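Here are some notes for a colleague who has not looked at this structure before.

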Amino acid sequence: MFGQDQEIFNVLLGAISEGVLIVDMHQNIMEANSALASVFGYQNKELVGQPLDLLIPHRYHSSHKGHFNSFMGEGDRKQMSEGRCVYGVRKDGTNFPVEIGLNPFKIYGKTYVMAIVVDISERKQQEIQIVELNARLEEKVASRTKALNEALNALKITNKELADENTKRIEAEEETRKALLKEIELNDLKTKFLSLVSHEFKTPLSGILTSAMLLGKYKLTEQQEKRDKHLKIITDKVHYLNNILNDFLSVEKLETGKVNYNFYEFKLSKIVNEVVYNCNMLLKEGQQIKYPENVDEISLFQDEKILELALSNLVQNAIKYSPENTIIDLKVKQKAGVTSFTIKDQA
């Protein structure tokens, strides 16, 4: 890749906030973005051409080769850190835990692996803090129970007072248990969210990366059609990633109650046209969206943006889970003041 094509490739890698690493079958580093170099304490491009073992603690070198060969034999996307702790080593020699998503791909008969690397040091520290908090809470409960028993023996309080104190103790234990479960649940949600984002971003990023590499191969004038094809793929994938980010932000605002609804009257055809236009860019080979009938006569008094978000999510899911050469059937009906939307896919 040379000139403008190399600049496009560098811009794409630089725009990704997670660390991205590309290695060949011999585990040599072919490319690494600035985010990854920063995580491991290196300067930009300093890692290119270095062996992958440079980023792996020495005690894991032998076992890592076995894991890598096993992964390449399976030839599928994988969360390499799933089920066990994975560590990286910075330039200064410090070890730290990481989460790694792997995605193999081929270009001109050669196999490469793209890895998305996330530093999870903070998450691991939070898990340790939760365990320590649980231990301290158990000690407090045991201490309070012991003190209560001693007080009961000393004061010989009545059965009613004993029952009241016991109820308070049970309530305190229940509140402590709920607080601990809440912390664990929040940490689990964070982990699942990172895994979801990594999964949703890997496929389009791989497509963008492949097209960017192939652009550099088509230098002749008569190859303009091929260049246009890969530029369209890059544009569509970037548009898809932008939609994912907008969906995450919109859903988060809805769930936290931060959305201010803006109701006014508008033509339904305006929303349908916008949704169909955007979703057409995401269609698989041979897929079509069947436009609904009689929407030009329908008007609604709603929040236009919220309705567009909901309808877009439904149509995008239908596209995602339907195979190639299928029809996504979009129908709209209005009866007795109620408007219903039906999206039928071929999943």
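1. Two strands count as paired if DSSP finds at least two bridges between them. In this predicted model, β8 and strand β10 (residues 327-335) are joined by three bridges and run parallel. Within this pairing, Ile-289 has Ile-328 of β10 as its bridge partner.

2. The sheet that holds this pair is open and has three strands, ordered β8-β10-β11, with mixed pairing. Each of the edge strands, β8 (288-290) and β11 (338-344), has a single partner strand, so one side of each is left without a neighbour in the sheet. From one strand to the next, the twist averages 15°.

3. Lying across β8, β10 and β11 is helix α8 (residues 304-321). Its direction makes an angle of about 20° with β11.

4. Which residues have the most contacts inside the largest nonpolar core? They are Leu-21, Leu-36 and Leu-55, in a core of 21 residues. Two or more residues each come from β1 (19-24), β2 (29-32), α2 (34-39), β5 (95-107) and β6 (110-119). The most are given by β5, with four residues.

5. Leu-36 shows what such contacts look like. Leaving aside residues up to four places away in sequence, Leu-36 touches Gly-19, Val-20, Leu-21, Leu-47, Leu-55 and Val-117.

6. Another core, of 19 residues, lies apart from the largest one. Among its residues are Leu-268, Val-276, Val-315 and Ala-318. As a general point, nonpolar side chains in soluble globular proteins tend to be buried together.

Key. Residues are numbered from 1 along each chain as its sequence is written. This is a predicted model: local features need pLDDT of at least 70, side-chain atom pairs count only at pLDDT 80 or more; totals for chains, interfaces and linings use all residues. Side-chain values use heavy atoms; hydrogens and water are left out. A nonpolar core is a set of buried Ala, Val, Leu, Ile, Met, Phe, Trp, Tyr and Cys residues joined through side-chain atoms within 4.5 Å. Buried means under 20% relative accessible area, exposed over 50%, partly exposed in between (1.4 Å probe, protein chains only). Contact means heavy atoms within 4.5 Å. Axes are lines fitted to C-alpha atoms, for helices over the stretch in contact, and angles run from 0 to 180 degrees between N-to-C directions.
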